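Subject: Structure for you to look at

Hello,

Here is the structure I promised to pass on. Please open it next to this note and follow along.

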Amino acid sequence: MRAAVTILAVAALASVPLWLRDPYLLNALITTGIFVIGAMSLNLLLGFTGQLSLGHIAFFGIGAYVSALTSLGFDIGLPGGFRLVHTPWPPILGFVLAILIAGLCGYFVGLLSFRVRGAYFVIVTISFAEVVRLVALNWVELTQGPLALTNIPFIALPLPGLGELTLRTKMQNYYLVLVVALIAYLLIARLVHSHFGRSMRGLMENETLAVSVGIDVTRTLTIAAVISAAIAGAAGSLYAHYIRIIDPEVFAFINTVTMVIMVISGGKGSLAGPVVGGLIFGLLPVALRPVMAPEAQWIAYGGVLIAILFVLPRGIVPSLAQRLTRRRSGTTALAPVTLTETGAKEPA
Amino acid sequence: MTARSIAMTIDQVAVRFGGLVAISDMSFEVGEGEIVSLIGPNGAGKTTAFNVMTGFLTPSAGRVAYRNTALAGLKPHEIADLGLIRTFQRTSVFPNDTVYDNLLIGLHRQGRVRLLDAILSLPGARASERKLRQRAGELLEWVGLERRAHDAAGSLSYGEQRLVGVALALAAEPSMLLLDEPVSGMNASETHRFVELIRGIRDRGITILLVEHDMPMVMTVSDRIVVLNYGRIIAEGTPEVIRNDPAVIEAYLGHGAGRA
Ligand SMILES: Nc1ncnc2c1ncn2[C@@H]1O[C@H](COP(=O)(O)OP(=O)(O)OP(=O)(O)O)[C@@H](O)[C@H]1O
Ligand SMILES: [Mg+2]
């Protein structure tokens, strides 16, 4: 049943470019998809470990800059009169480096903040995002500062024996984003359903009890932060090569807020939540554009978020799932529990 | 307990909270495979002693060693890795998870697989997962919670939640188990079954240190009893000896005999 819903949803999403010819809408779907990947990565932390990364856009932005600079090349002066010259590499390598370096940043942020629990992580992540934004703004030689990095190349996929396929069209980029989003979704699903995922949940529910059975808090949270940051970095790289221009505004706090809204409205701690919330809040601007000025739209977002949480307090996906199971268990008797087939009376 | 080898040594441990002396100069040993009870009136320092032994609290003085490993500076999860596992006085479960999933979380120590193997769902990871599920089922049966397997742990009765707490500790594969008032909140028949469970645990070679106010239970189950009052050990010996110790009777009467 669940698998059927997933397959149907994927098939529906995959069919979109076949019937949707409006480039404006397709563009909105691509950028929305990129932000959905970001929201999924945020959900891994917020929904499955309870840690709020309020500077999450930093990992996204780092991914964007790393990928852009890898594929554009740079020539910068270092202290002591040295110069560091990097000639352009294929964008696909930029994509890989974006994942690695964003993940590394996630590691350091985690290392810094997870020794102490509570608001500490929130503060460290906010500060981290601000510091990175200032670096991007002021290290003009590397990043062009407010002038932005422009002419970022499209991603080109190497096809063995056939050369390369450069993804120029909206349709191609749509499928690229869809595939990366699917991989991220499956990765997170596997992770949270694994033994590691149970440790994360245990920590979130009752940390004292979790450590008493041997779960290492710092290690678990740090691994989650690394994976979350790496996925956000992948999204940032897609963003850079699709929009093809990035400036330090990518690090703006409002972008993190957008991701948080996507996660909360769709339902944190649910795999599909960020996808649903992301689609709603990614496409809302499209719907509101004819009737509202961009500044006024933020008020509408707030209104929509409050309305959703008023009707579905745990977010769309978990609240609807809860109602569905309640209705079903009301009509049919619960299946008897079957555990294991072993005849052992006591653990060996 | 002459022939036994020593599992845990508590050596001149003291704990102060600001001006309050919760434990002063506490020394005793627990032998391998023994059931030792730590008793004393409310506020005597029993839970504090557990917190020191499991790394949740750093003592102001003294040292604790488990199987010749000094515990100073070890984090709780590292101490758990030595096989020293505790339960909590206040009910402590993962409330939103089913009882079955609670045990799977508790099985953490046995389920370590490489993360990449788990993500790629390699055969090794799948085999480990199967083993964990089987083991969780066995533990449920052992503590008698099979019928509650798929209920949220937080929805269980108080007594059942205490059992989940013990099952969780057992899932962590202890070589020594510290139980903090495990039968409080249990009715008479639940308590009776629990005594059987404790004996069963000991028969598997697991050393037990028990904190409990239920005196009949302590007297039947313990090999040895250590009595604490105002953070100080006032008596130590077999249930027979303790039952007739004037200092113990005095301590309990002084605090209101109703509790004892
Ligand atoms: N974290 C703490 N900070 C300050 N004082 C504490 C702390 N923990 C315990 N105490 C005090 O230390 C003393 C011993 O407490 P403890 O909880 O160890 O007693 P106990 O023997 O377990 O009692 P009970 O039978 O009621 O569980 C008490 O006076 C208690 O108020
Ligand atoms: Mg206590």
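Below is what I found, taken chain by chain and then site by site.

One caution at the outset: this is a predicted model.

**The two chains**

Chain A has 348 residues, and 49% of them count as buried. Its secondary structure consists of 14 helices and four strands. The C-alpha trace of chain A spans about 75 × 50 × 50 Å along its principal axes. The radius of gyration of chain A is 22 Å; a compact globule with 348 residues would have one near 20 Å, so the two agree.

Chain B has 260 residues, of which 54% are buried. Here there are ten helices and ten strands. Along the principal axes, the C-alpha trace of chain B spans about 65 × 40 × 40 Å.

**Ligand 1**

Look at chain B for this one. The shell around ligand 1 holds 13 residues. The closest are G43(B), K46(B), T47(B), T48(B) and Q89(B). By type, the shell divides into four nonpolar, seven polar and two charged residues.

The side chain of Q89(B) places an N or O atom 2.7 Å from an oxygen atom of ligand 1. On its own, ligand 1 has 630 Å² of accessible area, and the protein covers 61% of that.

Which elements give two or more residues to the shell? They are strand 2 (20-31) and helix 1 (46-53) of chain B. Helix 1 of chain B gives the most, with three residues.

**The magnesium ion**

Ligand 2 is a magnesium ion. Its protein donors are OG1 of T47(B) and OE1 of Q89(B), at 1.9 to 2.1 Å. The pair links distant parts of the chain, 42 residues apart. T47(B) sits in helix 1 of chain B, while Q89(B) sits in the loop between strand 6 (84-86) and helix 3 (99-106) of chain B.

**S222(B)**

S222(B) is in the loop between helix 8 (215-221) and strand 9 (224-229) of chain B. Its relative accessibility is 7%, so S222(B) counts as buried; the cut-off is under 20%. The side chain of S222(B) makes a polar contact of 2.7 Å with the side chain of S37(B). The S222(B) side chain also reaches the backbone oxygen of V218(B), at 2.6 Å.

**Helix 8 of chain A**

Now switch to chain A. Helix 8 there runs over residues 195-205 and is mostly covered. Nine of its eleven residues are buried. Among them are H195(A), F196(A), R198(A), M200(A), L203(A) and E205(A). At the start of this helix, a side-chain oxygen of S194(A) comes to within 3.1 Å of the backbone nitrogen of F196(A).

Best wishes

Note on methods. Residues numbered from 1 in each chain as written. Chains lettered and ligands numbered in written order. Predicted model: local features only at pLDDT ≥ 70, side-chain atom pairs only at ≥ 80, totals over all residues. Heavy atoms only, no water. Near = heavy atom within 4 Å. Polar contact = N/O pair within 3.5 Å; in protein donor to acceptor, adjacent residues only side chain to side chain. Areas by Shrake-Rupley, 256 points an atom, 1.4 Å probe, with all protein chains shown as cover. Nonpolar A, V, L, I, M, F, W, Y, C, P; charged D, E, K, R; others polar. Donors = N, O, S within 2.8 Å, 3.2 Å for Na, K, Ca; no water. Rg over C-alpha atoms; globule rule 2.2 N^0.38 Å. Buried < 20%, exposed > 50% of the residue type's maximum accessible area, 1.4 Å probe, protein only.
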